[in-house]
Amino acid sequence: MNAVAYATAAAPSASAAQALLAVRDVRVRFGGIAALDGVSFDVKSGELLGLIGPNGAGKTTLFNCLSRLYAPVAGDILIEGRSILEIPPHRIVDIGISRTFQNLALFGSMSVLDNIRVGAHRRSRSNFLTDAVGLPGTRRRDAALTGAAWELVDYLDLRDVAMRAVSDLPFGLQKRVELARALAARPKLLLLDEPAGGLNHEEVDNLGRLIRTIRDERNVTVLLVEHHMNLVMSICDKVVVLDFGRKIAEGTPAQVRADRDVIAAYLGTAE
Amino acid sequence: MIAGVALALLLPLAIKGFFLFQLTLALIYAVAILGLNLLTGFNGQFSLGHSAFYAIGAYTAAILMDQADVAYYWTLPAAGAACFIVGFLFGLPALRLEGLYLALATFALAIATPQLLKSTPLEPWTGGVQGIVILKPEAPLGLPLNSDQWLYYFTMLTAALMYAGAVNLMKSRTGRAIMAIRDNPIAASAMGVNVALYKSLTFGVSALYTGVAGALGALTVQFVAPDSFTFNLAIALFVGLVIGGVGSIPGTLLGGLFILFVPNIAEELSKGLAQAVYGFILIAVIYLMPSGAAGLIRLIVGRTARSRSQPVHFETASRSARLTRETPMSSSTSGDENAK
């Protein structure tokens, strides 16, 4: 970790004590290209924050930093004031981050219920031996995990297909399974990577309501990456706009919509 | 199911000698194939080297009996433990290899093992090219069984325990994590599965199963020699895996029967062209059951269930069609209702 970047990062994070997620001057490079060039913003607990920007702006790159799939060359990412950059990818879910993927990353041959149960993997304990023997304690814990998974099946209206293999389901249902799987981890911070991709107009409206409902009922903070401008503007409390790896605007949907840099980024400048 | 168990239990009283020996061996192969299936079918890691684990299991049993006079039943846990360790350690570097490259690395294991067993430094224990002859276990407690019959029951008991363990494991949290890694390792990791650890442990458990089978094989054949465990055995196990059904636990039983009996049947049909006949049978079987015996059974069960319950099926079909046509995220409305 860059010592200078660390020092600059420490000052603002102390002042924003209530931020659930703090992104501090994060820089990511692919070869010579800066995919993220010093991005900083905060997400408060319970907030629904939209992250928008044209293609290649660095939105998914930022998500992949949050999932520890990419490591920033500088900057820091803090959850409740604690850096996540030393945490291995499979432990990210332990500190309360769960996600969906842009192009769906489901366990295709497994049932809907099993996909959701894998989402709750870290919410139970067992090992090869206890599971092979089938000790009563292990079975009890697994039954509790299964009960919670069924609750999510009903919550997202998946009961009719719960035992079907996920790969046999239509695209829209698969997206819902992925959402259920992410919720099974009971995250504090839910990362949604283009959940509206491939959905029609009416479906997008329903999705917007669903995301708000989930935020309100399940006490999750939501970070939403989305191309669908109407969706972001209608449901988000705050919007951060990226362009070419930099943050060009941040504010309420109304403020962002009126921002000249944002308009230029989306429509091009008259040069 | 119950009839099958009863048949398996009473069989040794009706048949005798060589055929019983063959059945025992088929069951042993089935356990070995089950080991391979845990790795390949459920975890998605290829192996063309499971003959090596079978050999290590067999030699562990033979050496312990030959050199240390260990009772035959203790050789099974010893062989399992030895193979678990070797499999786990082999699985660690194998983490860096995917698909065909892993197949190649395990292939190297398969071709190296027989030669290592023949090598001079190990000869005091392995007996070199000569191998080791061991004694057949006798039935305990004065049971009125000859040693062939007893070995059959002993193998059956061991296999039953190991199949029960595998079924439990695959129905459990660990099993779901193993299969999730096969389907999508990145997503599995994002959901909190320690992919590297689970893959190496699965390699270890897979080797354990095949190693215990190897130890049972040594007891049954009463003899181990390097040339019994060549690459041909690795391929035979792989054939059994595919014939039984990749990712099917009961299918491995059929796989074991197939690799033991079908080459013999081929030889009956034509002594001179036994291999060619075997090849032809193999192609025909794969053509008729492209997803193995397990796939064929699923298909038959599915067909009969469908024809028996036509209206019900129609209803579910139209229901799922309606779900599809409706908005995929339409659940939000019901979510709202749940809230109020």
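How many residues of chain A are in contact with chain B, and how many residues of chain B are in contact with chain A? In this predicted model, local features need pLDDT of at least 70 and side-chain atom pairs count only at pLDDT 80 or more, while totals for chains, interfaces and linings use all residues. Residues are numbered from 1 along each chain as its sequence is written, and chains are lettered from A and ligands numbered from 1 in the order in which they are written.

The contact between the chains joins 50 residues of chain A to 41 residues of chain B, two residues being in contact if their C-beta atoms, placed from the backbone, lie within 7 Å. On the side of chain A that touches chain B, at least two residues each are supplied by α3 (112–119), α4 (128–133), α5 (136–155), α6 (171–184) and α7 (201–218), where helices are DSSP runs of H or I with at least four residues, strands are runs of E with at least two, and both are numbered from the N terminus. The most is given by α7(A), with eight residues. By type, this side of chain A divides into 21 nonpolar, 13 polar and 16 charged residues; Ala, Val, Leu, Ile, Met, Phe, Trp, Tyr, Cys and Pro count as nonpolar, Asp, Glu, Lys and Arg as charged, and the others, Gly among them, as polar.

Within chain A, an automatic or database assignment gives domain 1 (3–96 + 187–267) and domain 2 (107–174), whose C-alpha centres lie 29 Å apart. Strand β3 (residues 48–52) of chain A has five of its five residues buried, that is, with 20 or more other C-beta atoms within 10 Å of their own C-beta atom, placed from the backbone. Leu48(A), Gly50(A) and Ile52(A) lie on one side of β3(A), and Leu49(A) and Leu51(A) on the other. This strand pairs in the parallel sense over four bridges with β8 (residues 221–225) of chain A, and likewise over four bridges with β9 (residues 238–243) of chain A, pairing requiring at least two DSSP bridges between two strands. Gly50(A) stands opposite Leu224(A) in β8(A), whereas the bridge partner of Leu49(A) in β9(A) is Lys238(A).

Chain B comprises 16 helices and two strands, and 48% of its 340 residues count as buried.

How values were computed
A residue is buried if 20 or more other C-beta atoms lie within 10 Å of its own, exposed if 12 or fewer, and partly exposed in between; C-beta atoms are placed from the backbone.
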